[in-house]
There are 2 protein chains.
Amino acid sequence: MASSESIMKVIYKYLATAPMGTGAEIAALYAPGARVEDPVGTAAHVGTDAITAFYDSVRGGERTIELLTLRVAADTAAFHFRVTTVIENTTIVVEPIDVMTFDDQSQITTMRAIWSPADVVTSTA
Amino acid sequence: MASSESIMKVIYKYLATAPMGTGAEIAALYAPGARVEDPVGTAAHVGTDAITAFYDSVRGGERTIELLTLRVAADTAAFHFRVTTVIENTTIVVEPIDVMTFDDQSQITTMRAIWSPADVVTSTA
């Protein structure tokens with residue numbers, strides 16, 4: 001099993017890459033055949049190509065991410081974080097809790113993002 | 001599928017019952033055959049009897065719980081909360097992230113608690 005330290009390293013890399021990285025750069029942190037559900041209840045993106053396309057589809061604007069809380073237990077991590085996206089004069093903030101599982105090589109095997117449209121706060125300058 | 005509102009109601013009931021309730025009172029919020037893994041990586045408690053016994057086994061001291069963050073998506077909820085347990089002059093604080101899934105009757109079907117011994121803070125008055 002991956003160590004807590006190696007799982008945390010991948011999470012930090014994910015949080016550093018996710019804001020402005022390409023779909024391919026983010027998908028590289030996932031195992032082949034991994035499954036992404038964001039948010040939970042929507043259609044899952046399975047495999048490197050689908051995960052790459054998903055992250056490319058949500059790019060746009062200037063995005064920053066702040067980690068609020070990270071917990072790791074065995075092969076599973078949960079983290080609460082704030083995503084701030086600025087598109088022209090509109091700022092969109094959402095603070096999901098994501099849950100990820102990891103394989104022995106510390107690659108992400110599943111990601112489930114828990115948030116709803118009701119959690120999104122939009123403001124215009 | 002259970003509504004977000006009904007899932008939140010069960011979480012609030014769980015947080016109100018968990019600090020000082022009996023194992024049976026807490027287990028009543030779970031579906032028959034539900035599975036509890038607390039923390040993730042330890043042996044799962046499956047079914048009403050095992051879940052009742054698990055919650056009875058962790059009773060002790062004066063316990064309070066504060067909800068820090070709650071997110072719901074479809075049939076899944078994740079929440080970050082602070083558990084403070086006072087046993088004589090020792091105070092033990094841990095702030096897990098728990099992930100629960102729910103059936104159509106808003107009963108809890110799985111609970112995975114994500115925290116590690118390294119997250120536990122103990123102080124003595």
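This is a predicted model: local features need pLDDT of at least 70, side-chain atom pairs count only at pLDDT 80 or more; totals for chains, interfaces and linings use all residues.
Chain B is superposed on chain A by a rotation of 180° with 0.0 Å of shift along the axis, at an RMSD of 0.0 Å. This is the relation of a two-fold axis. Both copies use the same surface for the contact, as 100% of the contact residues of chain B recur in chain A. Each side is accounted for by 25 residues from chain B and 25 residues from chain A.

The size of an interface is often expressed as the accessible area lost when the parts come together. Between chain B and chain A about 1,700 Å² is buried, and 65% of this area lies on carbon and sulfur atoms. On the side of chain B, 35% of the area buried against chain A is supplied by Arg71(B), Ile97(B) and Ile114(B), more than by any other three residues.

Four salt bridges are counted between chain B and chain A. In one pair, Arg71(A) forms a salt bridge with Asp119(B), with the closest N and O atoms 3.9 Å apart; this value falls within the 4 Å limit applied to salt bridges. Four residue pairs are in polar contact across the interface of chain B and chain A, with both residues at pLDDT 80 or more. On the side of chain B that touches chain A, two or more residues each come from strand E3 (62–73), strand E4 (76–87), strand E6 (97–102) and strand E7 (108–114) of chain B. The most is given by E4(B), with five residues. By residue class, the side of chain B that touches chain A consists of 14 nonpolar, six polar and five charged residues.

Within chain A, strand E7 (residues 108–114) pairs with strand E1 (residues 30–37) in parallel through four bridges. In this chain, Arg35(A) stands opposite Thr110(A) of E7(A). E7(A) also pairs with strand E6 (residues 97–102) of chain A, here in the antiparallel sense and over six bridges. Phe102(A) is placed opposite Ile108(A) of E7(A). The hairpin of E6(A) and E7(A) has five residues between the strands, and Ser106(A) in this hairpin takes a positive phi near 60°.

In chain B, E3(B) and E4(B) run antiparallel and are joined by 11 bridges. The bridge partner of Thr69(B) in E4(B) is His80(B). These strands, E3(B) and E4(B), form a hairpin with two residues between them, and Ala74(B) in the turn has a positive phi of about 55°. The parallel pairing of strand E1 (residues 30–37) of chain B with E7(B) extends over four bridges, and Tyr30(B) has Ile108(B) as its bridge partner in E7(B).

Several backbone features fall in loops. In chain A, Asp38(A) and Pro39(A) are joined by a cis peptide bond with omega about -5°, and Pro39(A) lies in the loop between E1 and strand E2 (45–46) of chain A. In chain B, a cis peptide bond with omega about -5° joins Asp38(B) and Pro39(B), and the place of Pro39(B) is in the loop between E1 and E2 of chain B. Glu88(A), a residue other than glycine, has a positive phi near 50°. The location of Glu88(A) is the loop between strand E4 (76–87) and strand E5 (90–94) of chain A.

Side chains of opposite charge can pair when their charged atoms come close. Over all chains, the count comes to 12 salt bridges. Within chain A, Glu95(A) forms a salt bridge with Arg82(A), the closest N and O atoms being 2.7 Å apart. Glu95(A) belongs to the loop between E5 and E6 of chain A and Arg82(A) to strand E4 of chain A, so this pair ties together parts that are 13 residues apart in sequence.

Definitions and conventions
Residues are numbered from 1 along each chain as its sequence is written. Chains are lettered from A and ligands numbered from 1 in the order in which they are written. Side-chain values use heavy atoms; hydrogens and water are left out. Copies are superposed by least squares on the C-alpha atoms of residues with pLDDT of at least 70 in both. Contact means heavy atoms within 4.5 Å. Buried area is the accessible area (1.4 Å probe) that two parts lose on being put together, summed over both. A salt bridge is a side-chain nitrogen of Lys or Arg within 4 Å of a carboxyl oxygen of Asp or Glu. A polar contact is a pair of N or O atoms within 3.5 Å; within protein, one must be able to donate a hydrogen and the other to accept it, and residues adjacent in sequence count only if both atoms are side-chain atoms. Ala, Val, Leu, Ile, Met, Phe, Trp, Tyr, Cys and Pro count as nonpolar, Asp, Glu, Lys and Arg as charged, and the others, Gly among them, as polar. Two strands pair if DSSP finds at least two bridges between them.
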